[in-house]
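Subject: Structure handover

Hello,

Here is the structure I promised to pass on. Please open it alongside this message.

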Amino acid sequence: MAQTDRTPRDHGGDLDAAMAQFGGTRDSWLDLSTGINPVPYPLPDLPSDAWTALPDARAQARLVQAARQHWRVPAGAEILPAPGASALIAQMPRLATPGRVHIPQPTYNEHAAAFVAHGWALADLPQQADAQVIVHPNNPTGRWYDSSVLTAPLVVIDESFADVAPDRSLIAQAALPGRVVLKSFGKFWGLAGLRLGFAIAQPGTIAQLAEWLGPWPVPGPALAIGAAALEDPEWARETRARLNEDAAHLDALMQRAGARALGGTSLFRLYEVPNAAGWQADLARHHVWSRIFPWSATDLRLGLPHPDRWGQIESALGTVGGAMPKASVTNRP
């Protein structure tokens, strides 16, 4: 379904609305409406001046070097830390004169909203486009793309969830003209409240984005925590293994409850159910919050629970109504 500027900019994580309708306290709820790692990176000890001094160049240089090594950033690209990937998404339309942008649907809706707000029109086909945006892997379908589909003069590659499978990253594209790779720290490392993201592109593009963001865009605590996490490859390896196991376990539970697995990543799973709004309400009565979409009556997305909270979702799934015909796991194109 094509997205227009009238499409609601819905998001997961609106737990206050769920509590207002279904009661309970924040601690009693299992929020699976987002794709955030439920076992976050353990916070390191921070430098004594991280909270009291302006972020210094040395702290930012450490973070940039850690990002370069972790993501194997090509030599022809530079890195700009930012206060979350969303802050960078809002700037992407300014990198070219407004024209037509192709954004495969369904996907994260902030990209289209940002381009439309800056006077761009949405193109139906990539061949018609002056710019392209791909979310790689896509949210919510989990689709991965091949670099052969990147044909526009400006291409934004949103890799907010790509850390679950780094070998599938398109990071090499960042060294090419007109290519920008975006990274999100909050999803894989489970620290969304830190508000840390990265743009990776040719030096001229990074210089322009840095000018728009202004001085000190990333606070000192985020610089230190981000660097420590990116310098810890063992934690990343162990986390990928756990996420893969947990995603498979969630698929098995959902299929037993009558859902059909459609795809997703190891941070979130997408299912087809007879009535997505009904399933969301049934789960919410047990204080499990899920994600449904305005463009589908049958698609339901779930993040992963914390390892200590599997019992809550298992109990909730015992109450959902309307079974689907049995089917094997499939992946949407």
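This is a predicted model: local features need pLDDT of at least 70, side-chain atom pairs count only at pLDDT 80 or more; totals for chains, interfaces and linings use all residues.

Nonpolar cores
The largest nonpolar core holds 68 residues. Within that core, the residues with the most contacts are W189, F198, I200, M254 and W279. Look at F198 in particular. Leaving out residues up to four places away in sequence, F198 touches L63, A67, W71, I79, L80, P81, L88, V181, L182, K183, F185 and L230. There is also a second, separate core of 21 residues. Its members include L80, A114, A199 and L209.

Helices α2 and α6
Helix α2 spans residues 57-71, and helix α6 spans residues 220-230. Their axes come within 8 Å and cross at roughly 30°. Angles under 35 degrees count as roughly parallel, so α2 is roughly parallel to α6. The crossing of α2 past α6 is left-handed. On the α2 side, the contact is made by A59, Q60, R62, L63, A66, A67, H70 and W71. On the α6 side, L223, A224, G226, A227, A228 and L230 take part. By type, the residues of this contact divide into 10 nonpolar, 3 polar and 1 charged.

D251
D251 is found in helix α7, residues 233-256. Is D251 buried or exposed? Its relative accessibility is 9%. Buried means under 20%, so D251 counts as buried. Leaving out residues up to four places away in sequence, D251 touches A261, R269 and Y271.

Best wishes

Definitions and conventions. Residues are numbered from 1 along each chain as its sequence is written. Side-chain values use heavy atoms; hydrogens and water are left out. A nonpolar core is a set of buried Ala, Val, Leu, Ile, Met, Phe, Trp, Tyr and Cys residues joined through side-chain atoms within 4.5 Å. Buried means under 20% relative accessible area, exposed over 50%, partly exposed in between (1.4 Å probe, protein chains only). Contact means heavy atoms within 4.5 Å. Helices (H or I, at least four residues) and strands (E, at least two) are DSSP runs, numbered from the N terminus. Axes are lines fitted to C-alpha atoms, for helices over the stretch in contact, and angles run from 0 to 180 degrees between N-to-C directions. Angles under 35 degrees count as roughly parallel, over 145 as roughly antiparallel, 65 to 115 as roughly perpendicular and the rest as oblique. A crossing is left-handed if the near helix is turned anticlockwise from the far one by less than a right angle, and right-handed if clockwise. Ala, Val, Leu, Ile, Met, Phe, Trp, Tyr, Cys and Pro count as nonpolar, Asp, Glu, Lys and Arg as charged, and the others, Gly among them, as polar.
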